[in-house]
Amino acid sequence: VYPWLYRHIPSMDMFHAPARMMVIAVFLLVFVGSQFADSGWTRPSGRALYWSRLATAGCVAVSIGSLAGWALLEDINPTFFRSSALAGLAATGIGFLTLYQPTKETLARKRWELAVVGLLVIDLWLAQIGSAPTLPMAELNSSSFAGAIGGVNGRLYVSAEDEQWLRHKRFYRFQDFRFLEPAETVFRVPIANTNLLLGYSSVSNFDPLVSMRYQAWMDRLAGEDEKALEEDWARMGVTHRLVRNVGEDEVLIQPVGIDSSFPGARMTASVLAAGDAVEALEILKEHETDASIVVFEKAEKNDLASTNSGKPFSYEILAFERSWNRFIIEYECEQDGYLVAAESYFPGWTASVDGLAAEVYPADGVFMGIQAPAGQHRVEFMYQPDSFRAGWIVTVLSLVALTAILVVGRRKHSDSHTAS
């Protein structure tokens, strides 16, 4: 399902491994919820009927009280009252639908099902207000901004302080996520995921859930001086940075001086070994002003050695292609070395050089790297964790079981119809 969505649905290519797996989980949860609503949602009786009536009455009381507070207490921030009122109204609707659910397939049942669909649509519409702001379609047709910063190969760096200022001081009001400025201006000050819609990526991650490696790397950047920061921009493939003057709203996008057609990949002959990510960052700190040195994590440190022959290491990145679960790098170099991709390392990534398996090392505590032989070669990185294979097995078994249930159910229905 996901590969088709990636290729045909706009903005689905924003999700990179492993975050895209969360999209699949959402689809599965919706399916499970619909199955329960179809078979497990029944009209209560006995003690369950008593508690259902009591809960519905409580939801009505919460809704009335919250709506009254929302309307009368103007001096108090209305966020809590508004959310309580909307949640109470939704729960009240579910309660009445449960209490008055028809038990037989009649016209009343059809009307009840329409009421369920209507309540769901209203609930989704209310939930997206403010949390899913929209933008004029005309804004998405502009490519001038993306072209100015390197298109799909360029990366933008926004400091943590500027990111927080842009999000919560200038654009999004924190308590209800409403825009403080016209939504169109987001494209002139790239934040959140608008940069991806315009065709370039940012090293800043606006997701509240990030990997420990990524967070440790970004925390490290916060305490660096300008020289060390420039070297880390080279490691991350950053081509431009966001600059603003404190106290002013206007921001500038400035180049950082990296001259490369494919800044997301680099090669070197100088490698150091570390036992884990913490040690890798400690070693890197000792060489933070020299981006030609890379630190690989390896249990057996003696297996890695610099290949520097005394002369400058010469290489060229020929191509860098992406798809939904892989990226391909073509390179050429005169001597053996190490290839580093400025992509977050995560268990499940594999690599091959000209079709032959190659070991993937965590590089510089957060990136991915491999040993790269001399010559011209094609390297393919693919994300395919064990959970992906397990998911395929579970999916196939589920389809088989579902098919069997449908066949058996149809036969029973046919036999009872024949008997009657």
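Arg389 counts as partly exposed, at 41% relative accessibility; here buried means under 20% relative accessible area, exposed over 50% and partly exposed in between, with a 1.4 Å probe and protein chains only. Its salt-bridge partner is Asp386, at 3.1 Å from N to O, where a salt bridge is a side-chain nitrogen of Lys or Arg within 4 Å of a carboxyl oxygen of Asp or Glu. Asp386 counts as exposed, at 61% relative accessibility. Because Asp386 and Arg389 are three residues apart in helix H13 (residues 386-419), about one helical turn separates them. Helices (H or I, at least four residues) and strands (E, at least two) are DSSP runs, numbered from the N terminus.

A word on the model before going further. This is a predicted model, in which local features need pLDDT of at least 70, side-chain atom pairs count only at pLDDT 80 or more, and totals for chains, interfaces and linings use all residues. Residues are numbered from 1 along each chain as its sequence is written, and side-chain values use heavy atoms, with hydrogens and water left out. The protein chain averages a pLDDT of 81, and 77% of the residues score at least 70; pLDDT is the predictor's confidence in each residue, from 0 to 100. Please take care with residues 143-152, where pLDDT stays under 50 and the model has 18 contacts beyond four places in sequence, a contact being heavy atoms within 4.5 Å. Where pLDDT is low, the predicted coordinates should not be read in detail.

Back to the salt bridges: the structure holds 15 of them.

| Glu343 | Arg155 | 3.3 Å |

Glu297, in strand E7 (residues 293-297), reaches Arg213 in helix H10 (residues 212-222), so here the linked parts are 84 residues apart in sequence. Glu297 counts as buried at 10% relative accessibility, whereas Arg213 is partly exposed at 22%. There is also a salt-bridge network, which links Arg220, Glu224, Asp232, Arg235, Arg266 and Asp364.

Asp364 is placed in the loop between strand E13 (361-363) and strand E14 (367-372), and it is buried, with a relative accessible area of 0%. Asp354 also has a positive phi, near 55°, and lies in the loop between strand E11 (349-353) and strand E12 (356-358). Asp354, however, counts as partly exposed at 45% relative accessibility.

Now to the strands, which count as paired if DSSP finds at least two bridges between them. Four strands form an open sheet of mixed pairing, in the order E2-E1-E3-E4. Strand E2 (201-202) and strand E4 (251-255) stand at the edges with a single partner strand each, so one side of each is left without a neighbour in the sheet. E3 (residues 240-244) runs antiparallel to E4, joined by five bridges, and Val243 has Leu252 of E4 as its bridge partner. Helix H11 (residues 226-236) lies across E1 (155-157) and E3, at about 150° to E1; axes are lines fitted to C-alpha atoms, for helices over the stretch in contact, and angles run from 0 to 180 degrees between N-to-C directions.

Strand E10 (residues 337-341) has five of its five residues buried, so the rest of the structure largely encloses it. Val340 of E10 is the bridge partner of Arg266, and Gly369 is the partner of Val340 in E14.

Finally, the interior. A nonpolar core is a set of buried Ala, Val, Leu, Ile, Met, Phe, Trp, Tyr and Cys residues joined through side-chain atoms within 4.5 Å. The largest has 29 residues, of which Tyr157, Trp217, Met236, Phe296 and Phe367 touch the most other members. Elements giving two or more residues to this core include H10, H11, E7 and E10. Beyond its neighbours within four places in sequence, Met236 contacts residues including Arg155, Tyr157, Trp217 and Phe367. Apart from this core lies another, of 24 residues, among them Ala341, Tyr345, Val353 and Met368.
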